Amino acid sequence: MPPAPAPRKLKGFMADMGAVLTVWEPDRAVIEMTVGDRHLNAIDVVHGGVIAALLDTAAAHAGIHCAVPGNVRQAMTVSMTVNLLGNLSAGTLVADARKLGGGKTIFVSSCDVTDGEGRLIAPGLPLRAGQSPPRRHCGKTVTARTNLGAVSRKSLTVCHRILC
């Protein structure tokens with residue numbers, strides 16, 4: 001069995017927060033972060049925004065993996081629901097995200113944030129708009145509609161415009 005790839009450093013805000021991409025494969029991403037004082041709020045538990053950012057970033061990476069060297073996929077959040085069920089003051093946060101499905105420009109990921117012991121801290125369901133190069137629209141406005149009724153019990157219709 002080949003050795004596991006080394007964790008990947010993230011950029012920007014997530015790098016500043018100390019988050020590391022530990023698994024990145026088609027339709028799945030795992031990001032881990034050791035909790036420190038900078039992540040805590042006034043009541044000494046991890047700030048909900050830190051958990052939401054971790055969930056958001058992992059969910060995006062689950063949908064943008066590309067095995068072709070040089071091809072870069074990008075995505076932005078269209079909608080995200082985060083339910084905070086627990087919290088912690090120290091230890092590790094693990095965001096495990098999976099791409100559930102989607103179309104040409106929109107995909108849905110599910111992500112659970114757990115502590116290092118596997119206890120659920122926050123389940124989330126982000127909806128993302130993304131585009132995979134080399135597909136380009138070259139200045140044309142594209143409207144993508146998708147019905148996500150299979151994802152939840154309530155039918156959800158999302159409309160997102162992408163202008164390149």
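A residue is called buried under 20% relative accessible area, exposed over 50% and partly exposed in between (1.4 Å probe, protein chains only). The structure is a predicted model, in which local features need pLDDT of at least 70, side-chain atom pairs count only at pLDDT 80 or more, and totals for chains, interfaces and linings use all residues. Residues are numbered from 1 along each chain as its sequence is written, and side-chain values use heavy atoms, with hydrogens and water left out.

Salt bridges were examined next. A salt bridge is a side-chain nitrogen of Lys or Arg within 4 Å of a carboxyl oxygen of Asp or Glu. The count comes to 3. Glu-25, Arg-28 and Asp-96 form a linked network of such bridges. Arg-28 is buried, at 18% relative accessible area. Its partner Glu-25 has an N to O distance of 3.8 Å to Arg-28. Glu-25 is partly exposed, at 36%. Asp-96 meets Arg-28 at 3.0 Å, N to O. Arg-28 belongs to strand β3 (residues 28-35) and Asp-96 to strand β5 (residues 91-102), so the bridge ties together parts that are 68 residues apart in sequence. Asp-96 is partly exposed, with a relative accessibility of 26%. Helices (H or I, at least four residues) and strands (E, at least two) are DSSP runs, numbered from the N terminus.

Another bridge joins Arg-119 to Asp-115, with 2.8 Å between the closest N and O atoms. Arg-119 is exposed, at 52% relative accessible area, whereas Asp-115 is buried, at 8%.

Helix α2 covers residues 48-64, 17 residues in all. From first C-alpha to last, α2 reaches 25 Å, close to the expected 24 Å. That expected span is 1.5 Å times one less than the number of residues. The helix is mostly covered, with 14 of its 17 residues buried.

The interior was then considered. A nonpolar core is a set of buried Ala, Val, Leu, Ile, Met, Phe, Trp, Tyr and Cys residues joined through side-chain atoms within 4.5 Å. The largest such core has 26 residues, and Leu-54, Leu-93 and Val-113 have the most contacts inside it. At least two residues of this core come from each of β3, α2, β5, β6 (106-115) and β7 (120-124). Helix α2 gives the largest share, 8 residues. Contact means heavy atoms within 4.5 Å. Leaving aside residues up to four places away in sequence, Leu-54 touches Met-14, Ala-19, Ile-31, Met-33, Leu-93, Ala-95 and Val-113.
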